Amino acid sequence: MEVGNAMEEERSREEHHVDQEILEEQKDDHILKGKNLLSLKKPANIRDSFDLEASRFTTNQGSSQVGDWKTVMKLAFQSIGVVYGDLGTSPLYVLPGIFPTGIKHNDDILGVLSLIFYSLMLITLIKYVFIVLAANDNGDGGTFALYSLLCRHAKASLTPNQQAEDKEVSNYRLDSPNRRLKRASFVKSMLENSQTIKFFILLMTMLGTSMVLGDGILTPCISVLSAVGGVKEAATGLTDNMIMWFSVGILIVLFQIQRFGTDKIGYSFAPILAIWFLFIGSIGLYNFCKYDPGVIKAINPMYIIQYFSRNKKDAWISLGGVILCLTGSEALFADLGHFSVRSIQISSCTLVFPCVVFAYFGQASYLRQHSQDASNAFYSSVPKPVYWPMFVIAVMAAIIASQSLISASFSIIQQSLALGCFPRVKVVHTSSKYKGQVYVPEINTILMLACVGVTLGFKNTLKIGNAYGIAVAFVFTITSAFLVLVMVMIWKTSMYLIVIYALSIWLLELLFLSSVLYKFIDGGYLPLLFAMVMMTIMYLWNYGYRKKYIYELDNKVSPVKLVEIASDASIHRIPGLALFYTELVQGISPIFTHYVANVPALHSVLVFISIKSLPICTVPLEDRFLFKRVEPRDLSIFRCIVRYGYKDARTEWESFKEMLAIQLKDFIRKDVFMSRLPHTTNMDSYESDDNEVSRLRTEEIAQREVEKVDEALNVGDIVHLMGENEVVASKGSSFLKKLVINYAYNWLRRSVRQVDEVFMIPRKRLLKVGMTYDV
């Protein structure tokens, strides 16, 4: 209890103004909507303007559930071309991965088919389509979206930048003291009070993200190799090396066209994938009826038990091939931001799931009479008259499957970048219609080189499949772990349902994970090696970012000190408007005092800009800027927090400047009016006593301050002041900390884009102030 109280006191010292202001009364909604100012009430206790503006936030950002059925069906059709490429092309390589040395017993086909059917039913359909999609973060999905959702409902972030407006965004409430709510409260408190748990959750988020990026490497390799390899059925003279080089050529072209954006090439994807699903479903149904309809017996799970009793360890090892039928299931969640939950559920249940199941049943039916063709089950089972059309569609479907995971990788990097977990890289928004469609040049190049390297190194799909299985299994288990936290803390689900989920779906995923780890040496090390590299980069960046932020928080300029500096007669006020950039949201950066000590001059209007990423996917433009005045009024100094969601584009400087000026002048008008309202709740008394002179006086003061801003803007372009800080480990730090901060983090910081590049600030009007942080 004493430890908990001490941690609570520490958090209170960091956010004391939040805890005081959150208890104050909110303004009426019509105040926030900017209606007739003189008809507004003013409560006796006015909340800080930061909280006043923040109360406009709602929790329905992102992709909302569309009620128009025409729109839902359109999105359902479009989702076919973006979401299901990987899942739909898995019949190309699943059965060869399960039977690499051939089929030993004919009934093994039924056991494997039963495993595939129930895996698809439990994990793809029940878990992802009907459960995980509901755990979206305001319409957005993926590992970081789940982490963001947890951070919104509990203070799970390691960076202490929470404010009162964050509480306004969160919809977490403890309503009544029943058993489920007490359990949710206990988990929330445990998460908030334990740095170890916060650290572990962050590491798991980074691991899951790294594994999805691993999917982005392995999916193009295995899909393209499997599809192109089918040509050997018709052209037996082709060697594995020739197929490998042809696949490499396709991969290079695929990555080169990413710069054009999925919006320009995406419309052709849905019809092709729809044709692909209809082809594999129809051929599967044809083979099912022609060869052995008796494989329908695989619906009986007893064949799974018989399969394990007959093959024992080999059956357990074969699970590493079975899990490949689930590849792409995570894409249903990761790509949710482009569509809606209803549209993905419709396309999954009406087309994708039935056609994929028919495809596997058809291949199993064929293999019951042609067990020698297990190494090339897909193309061997295709009727000869439709072989070449099927080959062409398969290659196109494989390319599209690659596209979906590459696009998901870009989205994940964008999310991790906004939440301070990845070095600053260039993010290009390729569509004006869809915020989620982005292109990251550096990541595209890394993925292309990695794909080419994997294809040249492994040359066939068997070893790539071993690596692929580990990446998929890790993502599944991490998603389930986060989902259990969501069930307990946010949904407040019955414990019985949570236990059922853990003992069925989560246990099955852990069983898959144990199997694929067995193949670590046979290619399984690849995604773990890649994940280790990515996690190291992500953690080094996040660690340095947090240390730098905490240093600024501990050494921030107090309001009294700021007024003292600004009121000093030796500090000259020169005409113009200056923006002082800082990442600190709870005060003024210590770089400001360093600047004044070297340059004893301040502009007539000074705005401290704090760039902050909220743990939601998007922030409306009207809520982007959050202003607060630094008293006394005649100093013309303001603080401004510019809030972005992790899917919001950082706008170009000209549009940013225009929005800033408009919002600042609107804030001044409201602030002047509110400061002249009497402290009374009796508005009728105020209106009867007030007169035209008072109203004109209020408008005159507001107009004068707005004109001062206009004059500052007319003097010349805005001057930008920014800290150029060098972060070094303090004396007495351990060797490891010095290595991480002085070398690794600083090397990363110098190697990536700088803050002024991210926001496209004009270099000619930029002044950087150097300062060393001993962390």
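Figure 1. K492 is buried, at a relative accessible area of 17% (buried means under 20% relative accessible area, exposed over 50% and partly exposed in between, with a 1.4 Å probe and protein chains only). The model is predicted, so local features need pLDDT of at least 70 and side-chain atom pairs count only at pLDDT 80 or more, while totals for chains, interfaces and linings use all residues. Residues are numbered from 1 along each chain as its sequence is written, and side-chain values use heavy atoms, with hydrogens and water left out. K492 sits in the loop between α23 and α24 (495-517); helices (H or I, at least four residues) and strands (E, at least two) are DSSP runs numbered from the N terminus. Although K492 is not a glycine, its phi is positive, at about 55 degrees.

**Figure 2. The loop between β5 and β6, with P632 and S636.** P632 is found in the loop between β5 and β6 (637-644). The peptide bond leading from E631 to P632 is cis, and its omega is near 5 degrees. S636 is also placed in the loop between β5 and β6. S636 is not a glycine, yet it has a positive phi of about 55 degrees. With a relative accessibility of 8%, S636 counts as buried.

**Figure 3. The stacked pair F627 and F667.** The rings of F627 and F667 form a stacked aromatic pair, 5.7 Å centre to centre with 25 degrees between the planes. Rings of Phe, Tyr and Trp (its six-membered ring) pair if their centres lie within 6.5 Å; planes under 30 degrees apart count as stacked, over 60 as edge-to-face and the rest as tilted. F627 belongs to strand β5 (residues 625-630) and F667 to helix α28 (residues 653-676), so the pair ties together parts 40 residues apart in sequence. F627 is buried at a relative accessible area of 2%, and F667 counts as buried at 8% relative accessibility.

**Figure 4. Aromatic rings around Y379 and F391.** By the ring-pair rule, the count comes to 23 aromatic pairs. In one of them, Y379 and F391 have ring centres 6.4 Å apart and planes at 50 degrees, so this pair is tilted. The pair links distant parts of the chain, 12 residues apart: Y379 is in helix α20 (residues 377-381) and F391 in helix α21 (residues 387-418). Y379 is buried, with a relative accessible area of 2%, and F391 counts as buried at 12%. One aromatic cluster is formed by W276, F378, Y379, Y387, W388 and F391.

**Figure 5. The largest nonpolar core and the surroundings of L120.** A nonpolar core is a set of buried Ala, Val, Leu, Ile, Met, Phe, Trp, Tyr and Cys residues joined through side-chain atoms within 4.5 Å. The largest such core has 161 residues, and I98, I116, L120, W276 and F277 have the most contacts inside it. Helix α23 (residues 461-491) gives the most to this core, with 19 residues. A second, separate core has 35 residues, including Y551, L562, I591 and F608. Leaving out residues up to four places away in sequence, L120 touches L87, L125, C325, L326, F353, V356, V357 and Y360 (contact means heavy atoms within 4.5 Å). Among these neighbours, C325 counts as buried at 0% relative accessibility.

Figure 6. A search of the whole structure finds 0 disulfides, a disulfide being a pair of cysteine sulfur atoms within 2.5 Å. C151 is in no disulfide, and the nearest cysteine sulfur, that of C421, is 8.7 Å away. C151 counts as buried, at 16% relative accessibility.

**Figure 7. N287 in helix α15.** N287 is placed in helix α15 (residues 269-290). At 1% relative accessibility, N287 counts as buried. Its contacts, not counting residues up to four places away in sequence, are with D292, G362, S365 and S381.

**Figure 8. The chain as a whole.** The secondary structure of the chain comes to 32 helices and 8 strands. Of its 775 residues, 58% count as buried. Among contacts between residues at least 6 apart in sequence, 84% join residues at least 24 apart. The accessible surface of the chain comes to about 32000 Å², and 61% of this belongs to carbon and sulfur atoms; accessible areas come from the Shrake-Rupley method with a 1.4 Å probe, and for residues only the protein chains shown count as cover.
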